[in-house]
Amino acid sequence: MSDAVVQLLFLIIKALLMSLIIVTMVAFIIYFERKFAGFFQSRVGPTYLGPWGSLQSFGDILKLLSKEDLIPEQADRWVFRLAPYLIFVPAFLVMAVLPFGPVGGEPNLFGYRFDYVIANFDSGLVLFLAMGAVAVYGVVLAGWSSNNHFSLLGGLRAGAQMISYELAMGFSLVGVMLMAGSTNLVTIVDYQAGGFWSWLFIPQVVGGLVFFVATLAELNRTPFDLAEAEQELVAGYLTEYSGMRWGLFMFAEYVNLLVVSGIVATLYFGGWRAPLAVLDFIPGPIWLFLKICVLIFIYMWVRWTIFRYRYNQLMSIGWKVLLPLSLANLVVTAVVVNIFGD
Amino acid sequence: MVEKILFVIFAVLTIIGGLGTVTRRNIVHGLLFLVFTFLNVAAIFFLSQAYFLAVVQILVYAGAIMVLFVFVIMFLNLRTFQQQEQTHRRQRWVALGLAVLVLVEFVAIFAGMTFTSARAGFSPDMVEQSGGFTRVFAWSLFERTLLPLEVASAVLLVAMVGAILLVKKEKGGDVATQAWDPEEAPPANVRDEEV
């Protein structure tokens, strides 16, 4: 077979496998979120379905599928139906540029070259930012189309929050781009080759922390979950959604958690690369998986430990703390790279 | 061949999006069609291998500018817009004439343009050798056309400051001409903004 056909075949296999892995992982992430929430609050969490309740998410999916799909009479039907997909699709698209193993070089599979990335894409990091920006539509339009005050307030809050924190997020990422000299995630991982001391979280510790906090806001997780603050807004923009449409929102939220963890692991913790050269015998995808798991645990840890901020506090943290910090990080990085870089 | 078919598909979708934008009476639907148009333009950039431009198109136009539009329209009660009557009916003939004029201009400009002249001497191999599209794009933006870029950004800044001034004047009479006095106590609703 010609190389182009084989590469196309590889591409289809990679895309299908990636989707399957994401869906399976998300089911278990939701299970672990509930289990950890239980531990943090001295409860037990789900216990009935499967060993230690581990199949709970699959039961929930069946339940959601069999529920009635309600659309409010005064809602904008088209936009109401469209909104879940506007959150759902961008999250998946980012996974296409995430490298999970070595890319390029000698043929490594039956005489053909198998790249461990779906799209070796020149502007992968910018794509991540763009998809984050598009995902705002889902939230804002879900809130607007429900024709419900709680939904509208939730949507507005979420939109304002995501726009504010995107700035700090983008600026903190420029530090990484400057150091690696590229916006290609594959190149950024290659830049971090050779042990954990060359990982970017050491020189980019300020930018990394700003990025981490900004992603907490972008993911709408406590302490920044103002958009669906149960005590004041019922469920924010999700109030009118039911059944599998609601399930899609939940699902997208956890796909986003997975994607963001993958991006943090790739940008600041060496991606699929082993922390020590002796551990190189363990393949790249497994390292990336382990790093993502640890990061997801940290995200859950933060969510169930820290209280929600008030809305004006949230805004002033974004504009008065994170944005100046990320700008300072950008300036210092640019100067250092210009003086000491090659 | 595949690229040509894809180009036709995305071009048709772009035009459908544009038509939807101007024909919807519901403003949010119109906006969504506009976003759809932007996404299809981005897809055409992708087909031309202008990857960075494609992603920036999504990030800036679909992601940043249109989200602000959606925001503003959500704050207004737009359901009343749907019942509003079009009052400038005679304008449509002027608009039609201007549209035809612009179309003729575009055709006149693009008719004399071949793909090599539009690329300004860049071939895909050259782009590959000089380190990818993003690098070449940055080089031509910040080396070859630095002055026009800076002038354009200054003009945009002027427009932004002007817009803020206009809004201020509308709100409180002569506020725009007065200098802001930091010693003055802030209004009651601003005071408890601090954490």
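What follows is what I looked up, topic by topic.

**Before anything else.** I reminded myself that this is a predicted model.

**Chain B overview.** I began with the secondary structure of chain B, which comes to nine helices and zero strands. Read from the N terminus, the elements go α-α-α-α-α-α-α-α-α. Of the 195 residues in chain B, 20% are buried. I also checked contacts with a separation of 6 or more in chain B, and residues 24 or more positions apart account for 51% of them. Chain B exposes about 14,800 Å², with carbon and sulfur atoms supplying 69% of that.

**A glutamine in chain B.** Is Gln57(B) buried or exposed? I found Gln57(B) in helix 3 of chain B, residues 51-75. Its relative accessible area is 11%, so Gln57(B) counts as buried, the cut-off being under 20%. Leaving out residues up to four places away in sequence, Gln57(B) touches Phe38(B), Val41(B), Ala42(B), Phe45(B) and Ala62(B).

**The core.** Next I went for the largest nonpolar core, which has 112 residues. Leu173(A), Ile263(A) and Leu267(A) have the most contacts inside it. Helix 9 of chain A (residues 243-268) gives the largest share of this core, 16 residues. Domain 1 (1-84) and domain 2 (116-172) of chain B both give residues to this core, so it lies between them. I then listed partners of Leu267(A), ignoring neighbours within four places in sequence: they are Leu125(A), Leu173(A), Val176(A), Leu185(A), Ile188(A), Gln192(A) and Leu200(A).

I noted a nonpolar surface patch of about 980 Å², with Phe28(A), Phe32(A), Leu55(A) and Met244(A) among its residues. Which helix supplies the largest share of the nonpolar patch? That is helix 2 of chain A, with four residues. Helix 1 (3-40) and helix 2 (56-66) of chain A each supply at least two. Tyr48(A), also one of the patch residues, is in the loop between helix 1 and helix 2 of chain A. Tyr48(A) has a relative accessible area of 80%, so I put it down as exposed.

**Two serines in chain A.** Ser42(A) is in the loop between helix 1 and helix 2 of chain A. I stopped there because most residues other than glycine have a negative phi. Ser42(A) is not a glycine, yet has a positive phi of about 60°. Ser42(A) is exposed, at 71% relative accessibility. Ser57(A) sits in helix 2 of chain A and is buried, with a relative accessible area of 5%. Beyond its neighbours within four places in sequence, Ser57(A) contacts Ala27(A), Ile30(A) and Tyr31(A).

**Salt bridges.** How many salt bridges does the structure hold over all chains? I get three.

- Glu33(A) pairs with Arg303(A), the closest N and O atoms being 3.0 Å apart. This pair links helix 1 with helix 10 (residues 284-305) of chain A, 270 residues apart. Glu33(A) and Arg303(A) are both buried.
- Asp60(A) meets Arg34(A) at 2.8 Å, N to O. Asp60(A) is in helix 2 and Arg34(A) in helix 1 of chain A, so the pair ties together parts 26 residues apart in sequence. Arg34(A) is partly exposed at 34% relative accessibility.
- Asp190(A) pairs with Arg273(A), with the closest N and O atoms 2.8 Å apart. Asp190(A) is in helix 6 (residues 185-191) of chain A, and Arg273(A) is in the loop between helix 9 and helix 10 of chain A, 83 residues apart. Asp190(A) is partly exposed, with a relative accessible area of 38%.

Notes:
Residues numbered from 1 in each chain as written. Chains lettered and ligands numbered in written order. Predicted model: local features only at pLDDT ≥ 70, side-chain atom pairs only at ≥ 80, totals over all residues. Heavy atoms only, no water. Patch = residues over 30% accessible without salt bridge, like charges linked within 9 Å, V, L, I, M, F, W, Y side chains within 5 Å. Areas by Shrake-Rupley, 256 points an atom, 1.4 Å probe, with all protein chains shown as cover. Salt bridge = Lys/Arg side-chain N within 4 Å of Asp/Glu carboxyl O. Buried < 20%, exposed > 50% of the residue type's maximum accessible area, 1.4 Å probe, protein only. Core = buried A, V, L, I, M, F, W, Y, C linked by side-chain atoms within 4.5 Å. Domains from an automatic or database assignment. Contact = heavy atoms within 4.5 Å.
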